[in-house]
Amino acid sequence: MEGEEQEGDEYEGEEKEEEEKEEEEAALLEQQEEEQVLAPCPLTEEVLREGLSLLCKIGNGLAHAYVRFEAKYKDLTDSSLLCFIHLRYVDLSENKLQDLSSVSSLTHLLWLRVDRTLTSARMQELPYLQIISFAHNRIKDMEGITHPRLANLSLIGNKIQTAQGLSHGQLFNLRILELRGNVLGSTAGLNLPKLKSLYLAQNAIQSLEGLEGLGQLATLHLRDNKLEILDGFCSSLKCLQYLNLRNNRISSLQEVEKLKVLPRLQALVLLDNPCEPNYRLEVLVLLPHLQRLDKELFEEDEREEANQICQKRQEEEKKMEGSLRGDVTE
């Protein structure tokens with residue numbers, strides 16, 4: 001038996017060493033990529049002409065201009081030639097841009113996609129910008145995102161460790177925030193009063209903090225994180241209807257009971273947690289207003305059974321209270 005345990009320990013040790021080696025190699029590769037000097041590849045007039053499209057009326061309607069520009073997979077390191085102020089839709093994904101300084105002059109911009117190229121999200125405030133996608137870049141923080149009409153922000157697959165850099169004072173119109181696949185350890189800093197949908201799957205979140213500032217939130221995805229306890233939910237989350245907690249580390253239904261503070265919760269996902277088996281009925285007892293669990297609607301017979309269990313427990317509690325009062329009187 002001792003020999004088997006020793007072999008298991010040795011195997012785990014070797015596995016851990018391999019993981020650490022892989023992490024070191026990945027970090028080294030990333031450092032080499034960052035230090036690599038890129039050969040200059042500026043935006044040319046030819047690429048500019050090829051990328052312009054969607055001719056629209058501008059100003060008083062007597063003049064026309066192209067309002068869409070796309071230049072993907074061009075290995076661009078500089079897009080400073082992009083100075084058409086009437087552009088509304090721009091896609092500069094899959095290039096080698098280091099920053100967004102060239103976009104700052106596009107004051108009519110509504111929609112911007114710059115995936116798989118950036119190291120920073122910093123840019124000058126644009127008054128009409130409503131949708132941004134900065135997915136699968138190497139962005140490490142959310143500093144410099146201050147656009148007052150921004151409604152939809154995607155930062156999927158970056159290296160963001162904290163949400164503290166979000167400019168809450170300027171992002172008062174943000175409705176959808178995508179932060180899947182980053183390295184967040186906490187929800188602290190997400191004080192966004194108009195936010196409707198928040199996607200935080202595939203991070204390293206261990207604690208829920210600052211959720212009281214999300215009064216309009218209706219959808220919250222926390223799948224594939226490291227949550228063991230569910231402290232942090234509060235009654236100010238009065239609009240939250242859908243909560244996905246799949247594949248976390250929730251082992252006790254006492255944690256699920258903490259979700260009672262969510263007055264409008266209708267759908268909950270608990271799959272792939274180390275909860276007790278056959279938890280479906282017990283969850284309904286704890287959260288009687290729930291409509292769906294793990295994507296399946298509750299049937300009427302389930303509700304009746306849960307109601308009976310709940311009534312029985314209430315009666316037992318009353319008897320226990322009466323017994324305790326009798327003991328005190330004696």
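Close-up 1. Ala121 sits in the loop that runs between β4 (111-113) and β5 (131-133), where helices (H or I, at least four residues) and strands (E, at least two) are DSSP runs numbered from the N terminus. The model is predicted, so that local features need pLDDT of at least 70 and side-chain atom pairs count only at pLDDT 80 or more, while totals for chains, interfaces and linings use all residues. Residues are numbered from 1 along each chain as its sequence is written, and side-chain values use heavy atoms, with hydrogens and water left out. Ala121 counts as buried because its relative accessibility is 2%; buried means under 20% relative accessible area, exposed over 50%, and partly exposed in between (1.4 Å probe, protein chains only). Apart from neighbours within four places in sequence, Ala121 is in contact with Leu100, Phe134, Ile139, Glu143, Gly144 and Ile145, contact meaning heavy atoms within 4.5 Å. Gln98 and Ala121 are separated by 23 residues in sequence and by 9.6 Å in space, C-alpha to C-alpha.

**Close-up 2. Phe134 and the largest nonpolar core.** A nonpolar core is a set of buried Ala, Val, Leu, Ile, Met, Phe, Trp, Tyr and Cys residues joined through side-chain atoms within 4.5 Å. The largest such core holds 78 residues, of which Phe134, Phe233, Leu259 and Leu268 touch the most other members. Two or more residues of this core are given by each of α2 (45-51), α3 (253-257) and α4 (280-286), and α4 supplies the largest share, four residues. When neighbours within four places in sequence are set aside, the contacts of Phe134 include Leu100, Leu112, Val114, Asp115 and Leu118, as well as Ala121, Met123 and Ile139. Ser154, Leu155, Ile156 and Asn158 are also in contact with Phe134. In soluble globular proteins, nonpolar side chains tend to be buried together.

**Close-up 3. The salt bridge of Lys258 and Asp231.** Lys258 forms a salt bridge with Asp231, the closest N and O atoms being 2.7 Å apart; a salt bridge is a side-chain nitrogen of Lys or Arg within 4 Å of a carboxyl oxygen of Asp or Glu. The pair links distant parts of the chain, 27 residues apart, with Lys258 in the loop between α3 and β11 (267-269) and Asp231 in the loop between β9 (219-221) and β10 (242-244). Lys258 counts as partly exposed at 28% relative accessibility, and Asp231 likewise counts as partly exposed, at 39%. Glu255 joins Asp231 and Lys258 in a network of salt bridges.

**Close-up 4. Two further salt bridges.** The structure holds 12 salt bridges, among them the pair of Arg180 and Glu178, whose closest N and O atoms are 2.8 Å apart. Arg180 counts as partly exposed because its relative accessibility is 33%, whereas Glu178, at 12%, counts as buried. In the pair of Asp224 and Arg223, the closest N and O atoms are 3.5 Å apart. Asp224 counts as partly exposed at 21% relative accessibility, and Arg223 counts as partly exposed at 31%.

**Context for the views: the protein chain.** The protein chain has five helices and 13 strands, and buried residues make up 39% of its 330 residues. Of the contacts in the chain with a separation of 6 or more, 28% are between residues 24 or more positions apart.
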